[in-house]
Amino acid sequence: MRRNRRTPWLRRLVQENQLSVDDLIWPIFVVDGENQRQPIPSMPGVDRLSVDLVADAVGGAVDLGIPVVALFPYTDPDLKTPDGREALNPENLVCRATRAVRDSGIDVGVLCDVALDPYNSDGHDGLVADGIILNDETVEILSQQALVQAEAGCDIMAPSDMMDGRVAAIRSALDGKGFQDVAVMSYAAKYASAFYGPFRDAVGATGALKGDKKTYQMDPGNTDEALREVAMDISEGADMVMVKPGLPYLDVVQRVKQSFGMPTFAYNVSGEYAMLRGAGDQGWIDYDKTVLEMLTGFKRAGADGILTYHAVDAAKLLKSG
Ligand code: PBG
């Protein structure tokens, strides 16, 4: 076996899976104000950016070859309500940031989450009544949220809410308003995970969240169920599917890719970022090398792309060889 590992050119020749900058989607957190760059304590190296800084940051990422950015809002607590109505405000942070990217003329894909948790005073992805997350009422609002985001110029809607039937509803709402070209990347198999902790800090949902999300997000012990979730979203019109979190669920990524052959994405979530970054900052691991090795693992599992907070670092590392 060692004959094929003897030299760098041989190793390149026989390499089976390769990470490319084309595989990376970079999530960006947006905050109100001007010239704001707010560090997120649980995600060292990741800042919330005000809208005026977003296009510049996106431009830098695109110069490195990153094809898509994902925009997430840190919503002012005063704007959070039980009905999450700020989600439908065409002037909300995500819409303003999307428009700023569109107005800049940068050739980049913009992906936006569809879910209520950044806007809901209970911190949940849907409407809450007596502690129950209402499915169909939520789906109705999510469809409107998708329209508001499409009007702002979003290319890919990513419903992350895990309500039943939302992909079909969003697809039909988009088609009904002439947004046939707007794609849906569904968070199809999304688990109720503790790895989302730093993200909830980043969007200011940590203190807000009442209870947990186990009545809509999946049980970490299940994989057959993930395949049923994915099959449903595909039948409802999803163009691309996602598994989330990533690292602890690469078996799910592999099964989804092998079962459906769909464009399959994995979300290398905030807690996974924090683990690597934290250990790297302590000098306990080599951050640069582990980032590339880890992202290559996603490719080996079958992911076509990866949403990752390491995207810019990884793109630079790939460029420098
Ligand atoms: C919101 C949403 C979450 C993430 C992406 N969209 C958090 C959650 O479901 O509580 C997590 C991303 C991350 O941890 O990086 N529905």
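**Cysteines, loops and overall shape**

Me: Is C154 buried or exposed?
Reply: Buried means under 20% relative accessible area, exposed over 50%, and partly exposed in between (1.4 Å probe, protein chains only). C154 has a relative accessible area of 3%. That value makes C154 buried.

Me: What kind of model is this?
Reply: Residues are numbered from 1 along each chain as its sequence is written, and side-chain values use heavy atoms, with hydrogens and water left out. Local features need pLDDT of at least 70, side-chain atom pairs count only at pLDDT 80 or more, and totals for chains, interfaces and linings use all residues, since this is a predicted model.

Me: How many disulfides does the structure hold?
Reply: A disulfide is a pair of cysteine sulfur atoms within 2.5 Å. C112 is in none, with its nearest cysteine sulfur, that of C154, 3.5 Å away. That distance is too far for a bond. The disulfide count is zero.

Me: What is the relative accessible area of C112?
Reply: C112 has C154 as its nearest cysteine by sulfur position. C112 is buried. Its relative accessible area is 0%.

Me: Which peptide bond is cis, with omega near -10°?
Reply: Look at the loop between β10 (240-244) and α8 (250-260). Helices (H or I, at least four residues) and strands (E, at least two) are DSSP runs, numbered from the N terminus. P245 lies in that loop. The cis bond runs from K244 to P245.

Me: Where does N35 lie, and is it buried or exposed?
Reply: Phi of N35 is near 50°, positive in a residue other than glycine. N35 sits in the loop between β1 (24-31) and β2 (37-39). With a relative accessible area of 60%, N35 is exposed.

Me: What is the relative accessibility of M162?
Reply: M162 is not a glycine, yet its phi is positive, about 65°. It lies in the loop between β8 (156-159) and α5 (166-176). M162 counts as buried, at 4%.

Me: Which residues are in contact with I28, leaving aside neighbours within four places in sequence?
Reply: I28 lies in strand β1. It is buried, with a relative accessible area of 3%. Contact means heavy atoms within 4.5 Å. The partners are L49, V58, V69, A70, L71 and F72.

Me: What share of the contacts with a separation of 6 or more comes from residues 24 or more positions apart?
Reply: The chain has 11 helices and 12 strands. Buried residues make up 55% of its 321 residues. The share of those contacts is 74%.

Me: What is the radius of gyration of the chain?
Reply: The radius is taken over C-alpha atoms, and the globule rule is 2.2 Å times the number of residues to the power 0.38. The C-alpha trace spans about 65 × 45 × 40 Å along its principal axes. For 321 residues, a compact globule would come near 20 Å; the chain agrees, at 19 Å.

Me: How far apart are the mean positions of the positive and negative charges?
Reply: Lys and Arg count as positive, Asp and Glu as negative; His and the chain ends are not counted. Each charge is placed at NZ of Lys, CZ of Arg, CG of Asp or CD of Glu. The chain has 31 positive and 47 negative charges. Their mean positions are separated by 10 Å.
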